[in-house]
Amino acid sequence: MPNLFTLVLQITVILAVCRLMGSLFRRFHQPRVVGEMFAGILLGPSLLGWVAPQFSAYLFPPSSLGFLNALSQVGVVIFMFLVGLGIDPKELKHQSHSAVLVSHVSITAPFVLASLLALYLYPRLSDDSVSFTNFALFMGAAMSVTAFPVLARILIERDMMKSSLGTVAIACAAVDDVTGWCILAYIVVLIRAAHGTTSIWVTLGGILLFAVIMIYGVRFLLRGLERTFRKYGEISENRMAFLLLLALASALCTERLGIHLLFGSFLMGAIMPKEPKFVRYVLDRFETITITLLLPLFFAFTGLRTNVRLMKGPAMWFYCGLIIAVAAAGKLGGSMAAARATGMPWREAAGLGTLMNTRGLMGLVILDIGLDIKIISPALFSMMVVMALVTTFMAVPLLDLIAPGNLVRPESAGIPAQEVTV
Amino acid sequence: MSGTNRNFVLVYVFLVILPLVGLAGILRGGRKLTAPVSIDGVWSLRVDSAQLDSLPCGKVLAAIPDKAISISQSGRSFVLSFPGAPTVTASGTLDGITLRASLTSPPESSSQTGCAGQFSLLATVDRQADPESLLGALSATNCPTCTSVEFEAKRQAPATSKGGR
């Protein structure tokens, strides 16, 4: 049984610190989520555990962390459902040549650079129970992801959602996220299959069958929900509960198949009907509790696993700096070079690169999985968390500097993007 | 094929296809790399408590109820902790199959016992043993005349859940 006093105290402190840091970061024109991510780090061994170890041990006793983790994971499962919901496959289908090129380069460039970096880091920060291929692929996936929700939030706040830059950025981020998650799923399946009793072919067959059922069966069921919404302008509580049950069931299926809970909830969101009003309605029902209560718990739990004090000595800080530089060069540089190659003006190309370089919460989710399956070590995890924070933090000031709003061209033939506000 | 399309294909090959070929090469080349031996996990410790007690400030270690050590590894460096006594931690380095770490007794135990003991741990990994084992010795850093206490640790949680070779 959890110690309820401790659990409620933890939640209270986490929510208070996250709100405070979120509001503080908003003053510096940063998305609230960046402040909340930072709050998580402050509550962990990097700061609280260092300056007040007794209080930290009282507030977060090791025996209580399982419950906090369980709650935070439920939050991330729902969050991934919302991220999937915000991704519209039609946007990907209607991409112009330039968007196709930018999205593909924004995956391959960080992937190749991350793999090159892996050649250097593998003998230094990994161990021989992890294969180089898995290590390099994971580094690539973690560096090539874009924080779709944070990016959408920045675009909304700067009124850039309907600009050509905003449309291309949203489409590219969607492609990047889907690709990144597919690669991560591949790695997780390989690792779990290597240590499980089920053959990898059975696992792959199961995943394929599951995807077919979701896309051709469950999706059909969901269209009925959308029709009901169109008819009555709302969905009953029972139907909303059914929707939530489907998302959880989908998450359970992918976990059982050996991938991860999060893939199921993401797929469930991705196959949902994309009529904007319907999407907005569902988002409104789920967002508040997820953003205000459950995600801060995830940030805190990630912060509790992040220990920047593991980066002892100049060598470790050099690795961390190198990771940040390579991540930015791959994502920002790669996207910018590709956008420029398609004829986009320099400033817009740089703005697109900056937007694509935000990893934010999606980066943390991927890193969390990496630490869980022990493909990355605690020190490397901490470095990658710092990298995710830095690259997300730098987006707004860089955008102010290189692509202020008045330089951004309006979209000519826009495909409306779902306004995900997570 | 129009000029625009031809340009697009050329740029695509240069920026996407070629890097992917390069990626395949990197993955192939990287297989030859070797990483430090894995010591991450929980190890059950066998040590003579009476001998440990005889070390200056050894009572702190002898009093730990559950003689298990947990190692959290990051490449060549690692953090060692005792699940039975979360405040006792040590950090060390791995050189080949040799572990070196220094343990410091926690401040609160120092105030209770008047002991601010420092211990050094030197051990080697025996990868042939099943389960893998650590063979080594604990000694008091500030007491050159004290005899070191030998120990053996067996791996409790081998790298079954680890990221796959």
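These are my notebook entries on a predicted model with chains A and B.

**Entry 1: the cores**

I began with the largest nonpolar core, which has 158 residues. The members that touch the most other members are Leu151(A), Ala169(A), Leu352(A), Met383(A) and Met384(A). I then looked up where the core's residues come from, and helix H10 (residues 164–195) of chain A gives the largest share, with 18 residues.

**Entry 2: where the chains meet**

Next I turned to the contact between the chains, which takes 41 residues from chain A and 33 residues from chain B. Which helix supplies the largest share of chain A's side? I found that H7(A) does, with 16 residues. Sorted by class, that side of chain A has 26 nonpolar, 11 polar and 4 charged residues.

**Entry 3: helix H12 of chain A**

I checked the length of helix H12 (residues 237–256) of chain A. At 1.5 Å a residue, its 20 residues should span 28 Å, and the end C-alpha atoms are 28 Å apart, so the two agree. I then listed its buried residues: Leu243(A), Leu246(A), Ala247(A), Ser250(A), Ala251(A), Cys253(A) and Thr254(A). The face turned away from the buried side carries exposed residues, namely Glu237(A), Asn238(A), Ala241(A), Leu245(A) and Arg256(A). Among what covers the buried residues of H12(A) are helices H5, H11 and H13 of chain A. Just after H12(A), I noted that Gly258(A) has a positive phi of about 95°.

His29(A) is not a glycine, but its phi is positive, about 60°. I located His29(A) in the loop between helices H1 and H2 of chain A. Is His29(A) buried, exposed or partly exposed? It counts as partly exposed because it has 13 C-beta neighbours inside 10 Å.

Lys374(A), also not a glycine, has a positive phi of about 60°, and it lies in the loop between H17 and H18 of chain A. Lys374(A) is buried because 22 other C-beta atoms lie within 10 Å.

Last, I found a cis peptide bond from Asp130(B) to Pro131(B), with omega near 0°. Pro131(B) sits in the loop between strands S6 and S7 of chain B.

Notes. Residues numbered from 1 in each chain as written. Chains lettered and ligands numbered in written order. Predicted model: local features only at pLDDT ≥ 70, side-chain atom pairs only at ≥ 80, totals over all residues. Core = buried A, V, L, I, M, F, W, Y, C linked by C-beta atoms within 7 Å. Buried ≥ 20, exposed ≤ 12 C-beta atoms within 10 Å, placed from the backbone. Helix = DSSP H or I, 4+ residues; strand = E, 2+ residues; numbered from the N terminus. Contact = placed C-beta atoms within 7 Å. Nonpolar A, V, L, I, M, F, W, Y, C, P; charged D, E, K, R; others polar. Expected span 1.5 Å × (residues − 1).
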